[in-house]
Amino acid sequence: MLLAKVDEIAEGACKGFSADWLGEKLEGFLVKKEGVFYAFKNSCPHIGAPLNWMPDEFLDPEGNYIQCSMHGALFEMDSGLCVSGPCVAKNLESLSVQVAGDEVRLVID
Ligand code: FES
């Protein structure tokens, strides 16, 4: 499933998406770090809240970590590991993506 065009997401930027996927409503987001795309479900491992409060805004002010807007948990952009906040050592649920030509696609594991 197409999530974005490669050029659509700048380095260190994010893009939220919503899709019907395998019979479920999937809320997720893409993040690009050092030229690599990562995708996660938009659900904080603390209490399951969405991470962002503004469209496509998933990072801390410095752009170094994914940040949950609810209680401020910080997650690594590549692994989704929580390194600060109430859910330390838990992970965002990652989704598999693949770059095909100029498209970033969600793929089934
Ligand atoms: S819901 Fe994300 S830190 Fe509490």
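We'll talk about the sheet, then the cysteines, then the aromatic rings.

Trainee: Before that, what should I know about the model?
Mentor: It's a predicted model, where local features need pLDDT of at least 70, side-chain atom pairs count only at pLDDT 80 or more, and totals for chains, interfaces and linings use all residues. Residues are numbered from 1 along each chain as its sequence is written, and side-chain values use heavy atoms, with hydrogens and water left out.

Trainee: How do I read a sheet?
Mentor: The general idea is that strands of a sheet pair through backbone hydrogen bonds, either parallel or antiparallel. Strands here are DSSP runs (E, at least two residues), numbered from the N terminus, and two of them pair if DSSP finds at least two bridges between them. In this structure, 6 strands make an open sheet, ordered β1-β9-β8-β4-β3-β2, with antiparallel pairing.

Trainee: Which strands are at the edges?
Mentor: Those are β1 (2–5) and β2 (14–21), each pairing on one side only. Neighbouring strands of the sheet are turned by 30° against each other on average, direction ignored; the axes behind that are lines fitted to C-alpha atoms, and angles run from 0 to 180 degrees between N-to-C directions.

Trainee: Can we zoom in on one pairing?
Mentor: Take β8 (residues 94–100) and β9 (residues 103–107): they pair in the antiparallel sense over 5 bridges. Val99 stands opposite Val104 in β9.

Trainee: How many disulfides does the structure hold?
Mentor: A disulfide is a pair of cysteine sulfur atoms within 2.5 Å, and the structure holds 0 of them.

Trainee: Are Cys44 and Cys68 buried or exposed?
Mentor: Buried means under 20% relative accessible area, exposed over 50%, and partly exposed in between (1.4 Å probe, protein chains only). Cys44 is buried at 4%, and Cys68 is buried at 3%.

Trainee: What about aromatic rings?
Mentor: A pair of rings is described by the distance of the centres and the angle of the planes. Rings of Phe, Tyr and Trp (its six-membered ring) pair if their centres lie within 6.5 Å; planes under 30 degrees apart are stacked, over 60 edge-to-face, and the rest tilted. This structure holds 2 such pairs. Phe29 and Phe40 form a tilted one, 5.8 Å centre to centre with 40° between the planes. Phe29 lies in β3 (residues 24–33) and Phe40 in β4 (residues 36–41), so the pair ties together parts 11 residues apart in sequence.

Trainee: And the other pair?
Mentor: Phe29 and Phe58 are stacked, 4.1 Å centre to centre with 10° between the planes. Phe58 lies in the loop between β4 and β5 (66–67) and Phe29 in strand β3, so this pair ties together parts 29 residues apart in sequence. Phe29 and Phe58 are both buried, and Phe40 is buried too. Phe29, Phe40 and Phe58 form one aromatic cluster.

How values were computed. Helices (H or I, at least four residues) and strands (E, at least two) are DSSP runs, numbered from the N terminus.
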